[in-house]
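The structure is shown first, and the description follows.

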Amino acid sequence: MFSFTIRPGLELKLIEERHVDEIYALVDRNREYLNTWLPWAGATKGPDQTREFVQSALQQFANNNGFQAGIWVDGAFAGGVGFHKIDWTNRKTEIGYWISHELQGRGFVTSACQAMLDHAFRELKLNRAELRCATANAGSNAVASRLGFHLEGTLRQGHLLHGVFHDLNIYGLLAQDYLRPLADPLANEFHAFPMHEAAP
């Protein structure tokens, strides 16, 4: 299984069953914070549910339908980032992510997502990536902006959370925009990690 160092102290690893206890402990510790926008956090009542998620993620990886990676900061599990699935017919995917409350605002999610985008566009040869987040979720909207995503529209009441409908922003990023030469030569410095080959 892969591990990929983005920079010293920041690493991505494919989540495996040996990580279940570490993942669950972080979710449990951040349950109230995560549950604000991620209802799966409140529904994760024990390690068995985390194990089911990890097994599902490993099957997703085996099916060449995307993958779920853990974000490790200074050797400790800190959050997750992944492709929800890959639409090979239309060469597109959607990225999801989360990180513990105490590490929010330090650029770890942005760096992890950029590494994922680099892999999606350079290695998998996808054409489009999407992010979706509630209009009121300032943190996630800021991540999309920093990564160069374009706000393409808003789904009115597109997300039901804790019995309340929320508007949902839809962001898109195309390979042609991401791969365009940038003025800053360090802006796309990530090197993709080895994964499955793209589907024919």
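Is arginine 18 buried or exposed? Arginine 18 counts as exposed because its relative accessibility is 62%, where exposed means over 50% relative accessible area, buried under 20% and partly exposed in between, with a 1.4 Å probe and protein chains only.

## Basis of the model

This is a predicted model, in which local features need pLDDT of at least 70 and side-chain atom pairs count only at pLDDT 80 or more, while totals for chains, interfaces and linings use all residues. Residues are numbered from 1 along each chain as its sequence is written, and side-chain values use heavy atoms, with hydrogens and water left out.

## Strand pairing

Helices (H or I, at least four residues) and strands (E, at least two) are DSSP runs numbered from the N terminus, and two strands pair if DSSP finds at least two bridges between them. Six bridges connect strand β3 (residues 68-73) with strand β4 (residues 76-87) in the antiparallel sense. Within this pairing, glycine 79 of β4 is opposite isoleucine 71. The two strands make a hairpin with two residues between them, and aspartate 74 in the turn has a positive phi of about 50 degrees.

Strand β4 is also joined to strand β5 (residues 92-99), again antiparallel, by seven bridges. Here glycine 80 has tryptophan 98 in β5 as its bridge partner. Four residues lie between the strands of this hairpin, where arginine 91 adopts a positive phi near 55 degrees.

Glutamine 68 belongs to strand β3 and counts as buried because its relative accessibility is 14%. Its side chain comes to 2.9 Å from the backbone oxygen of phenylalanine 83.

## The largest pocket

The largest pocket has a volume of about 1200 Å³. On a 1 Å grid over the protein atoms alone, a pocket is an open set of points where a 1.4 Å probe fits, with protein on both sides within 12 Å along at least five of seven lines; lining residues have an atom within 4 Å of a point. The volume is the space filled by probe spheres set on the points, which are joined across faces, edges and corners.

In total 48 residues line the pocket, and Leu38, Trp40, Gly96, Tyr97 and Trp98 lie nearest its centre. The lining comprises 25 nonpolar, 19 polar and four charged residues. In this scheme Ala, Val, Leu, Ile, Met, Phe, Trp, Tyr, Cys and Pro are nonpolar, Asp, Glu, Lys and Arg are charged, and the others, Gly among them, are polar.

## Salt bridges

The whole structure contains 11 salt bridges, each a side-chain nitrogen of Lys or Arg within 4 Å of a carboxyl oxygen of Asp or Glu. Arginine 18 pairs in this way with glutamate 16 at 3.3 Å, N to O; glutamate 16 counts as buried because its relative accessibility is 17%.

Glutamate 17 bridges to arginine 51, with the closest N and O atoms 3.9 Å apart. This pair links distant parts of the chain, 34 residues apart: glutamate 17 is in the loop between β2 (10-14) and α1 (20-29), and arginine 51 is in helix α4 (residues 47-62). Both are partly exposed, glutamate 17 at 39% and arginine 51 at 28%.

In helix α5 (residues 108-123), arginine 122 and aspartate 118 are four residues apart, about one turn of the helix. Their side chains form a salt bridge at 2.5 Å, N to O. Aspartate 118 is buried at 0% relative accessible area, whereas arginine 122 is partly exposed at 30%. Elsewhere, salt bridges with shared partners join Glu94, Arg128, Glu130, Arg132 and Glu152 into one network.

How values were computed:
Polar contact = N/O pair within 3.5 Å; in protein donor to acceptor, adjacent residues only side chain to side chain.
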